[in-house]
Amino acid sequence: MRLLIVEDEPKVARFVERGLREEHYAVDVAANGEEGLDLALVHDYDLVILDVMLPKKDGFEVLEALRAAKRLCKVLMLTARDSVKDRVRGLDGGADDYLVKPFAFAELLARVRALLRRSGGTETTTLSFADLVLDVKARKVTRAGQPVALSAREFAVLEHLLRHQGEVISRTRLSEQVWDQHFDSMTNVIDVTLYHLREKVDRGFASPLIHTVRGVGYVLKNPAA
């Protein structure tokens, strides 16, 4: 899942970014409304966490522009003003939820998860393909009943492949959905990650499941089926 935080308070932005990254989300951060809107119009985010009081463009203006551009990402608005009028304005303008500052990260995370479930992003907690099973909530993977230990990034790549079974996933798409806007596309990080993932998932099994489509990307395929 790829998320965007639009927040001009550096401490709040770092706090939320760090917490979401620890939960294995790919996270981008913008410090003002114009930058946030530009990012949201260029990238396909699953969720935007949008502060109301922003420089250059406030949260209401950003929200209006997103909905006018037919961007369907979920929007969770943050505000220091516990005003019914503000909440009504945001919700009527197309926001999906509202959270008043200061807030506990646990509540923010719960709202993020609820919004992603509502959008179909995490409605399934167990994903499987052939004898490969990934438990999203428990962060566990097994192959033929045997545990497979993965790094956070390997887990995220495998989850994306499992959520899009039968599709060839390009390196660009992986970089956008699993890494973030600062990812250097000229590095071989994706290839190295996929190499280690295949070593852990496919080594010792007669039927490899993760395949490279040369010049295109990667796909889950079971030759034995």
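**Around Arg143**

Modeller: Start with the contacts. Setting aside neighbours within four places in sequence, Arg143 touches Asp131, Leu132, Val148, Val201, Asp202, Phe205, Ser207 and Leu209. Keep in mind that this is a predicted model. Arg143 sits in strand S8, which covers residues 140-143. Is Arg143 buried or exposed? Its relative accessibility is 3%. The cut-off for buried is under 20%, so Arg143 counts as buried. One of its contacts is polar: the side chains of Arg143 and Asp131 meet at 2.6 Å.

How far can the model be trusted? The protein chain has a mean pLDDT of 86. In that chain, 93% of the residues reach 70 or more. Strand S3, residues 47-51, has the highest confidence, at 95. Helix H7 has the lowest, at a mean of 77. Where pLDDT is low, the predicted coordinates should not be read in detail.

Now step out to the nonpolar cores. The largest core has 25 residues. Which of them touch the most other members? They are Leu134, Val157, Leu158, Leu162, Leu174, Leu194 and Ile210. Several elements each give this core at least two residues: strands S6 (126-129), S7 (132-135) and S12 (217-220), and helices H6 (152-163), H7 (171-178) and H8 (189-202). H6 provides the largest share, 6 residues. Take Leu134 as an example. Beyond its neighbours within four places in sequence, Leu134 contacts Thr125, Thr126, Leu127, Lys140, Val141, Phe155, Leu158, Glu159 and Leu162. Another core, of 20 residues, lies apart from the largest one. Its members include Val48, Leu50, Phe60 and Leu66. In soluble globular proteins, nonpolar side chains tend to be buried together.

Return to H7. Its buried residues are Leu174, Ser175, Gln177 and Val178. What do they pack against? The partners are strands S1 (2-6), S2 (26-30), S10 (169-170) and S12, together with helices H6 and H8.

Two of those strands, S10 and S12, belong to one sheet. That sheet is open, has 3 strands in the order S10-S12-S11, and pairs in the antiparallel sense. S10 joins S12 over 2 bridges. Ile169 has Tyr218 of S12 as its bridge partner. S11, residues 210-213, joins S12 over 4 bridges. Here Thr212 stands opposite Tyr218. S11 and S12 form a hairpin with 3 residues between the strands. In that hairpin, Gly215 has a positive phi near 80°.

At the start, a side-chain oxygen of Asp58 comes within 3.0 Å of the backbone nitrogen of Phe60. Just after H3, Lys70 has a positive phi of about 65°.

Glu9 lies in the loop between S1 and helix H1 (10-22). Because its relative accessibility is 36%, Glu9 counts as partly exposed. The side chains of Glu9 and Lys101 make a polar contact of 3.2 Å. Where is Glu9 relative to Arg203? The two residues are 194 apart along the chain, and their C-alpha atoms are separated by 47 Å.

Conventions:
Residues numbered from 1 in each chain as written. Heavy atoms only, no water. Core = buried A, V, L, I, M, F, W, Y, C linked by side-chain atoms within 4.5 Å. Buried < 20%, exposed > 50% of the residue type's maximum accessible area, 1.4 Å probe, protein only. Contact = heavy atoms within 4.5 Å. pLDDT = per-residue confidence, 0-100. Polar contact = N/O pair within 3.5 Å; in protein donor to acceptor, adjacent residues only side chain to side chain. Pairing = 2+ DSSP bridges.
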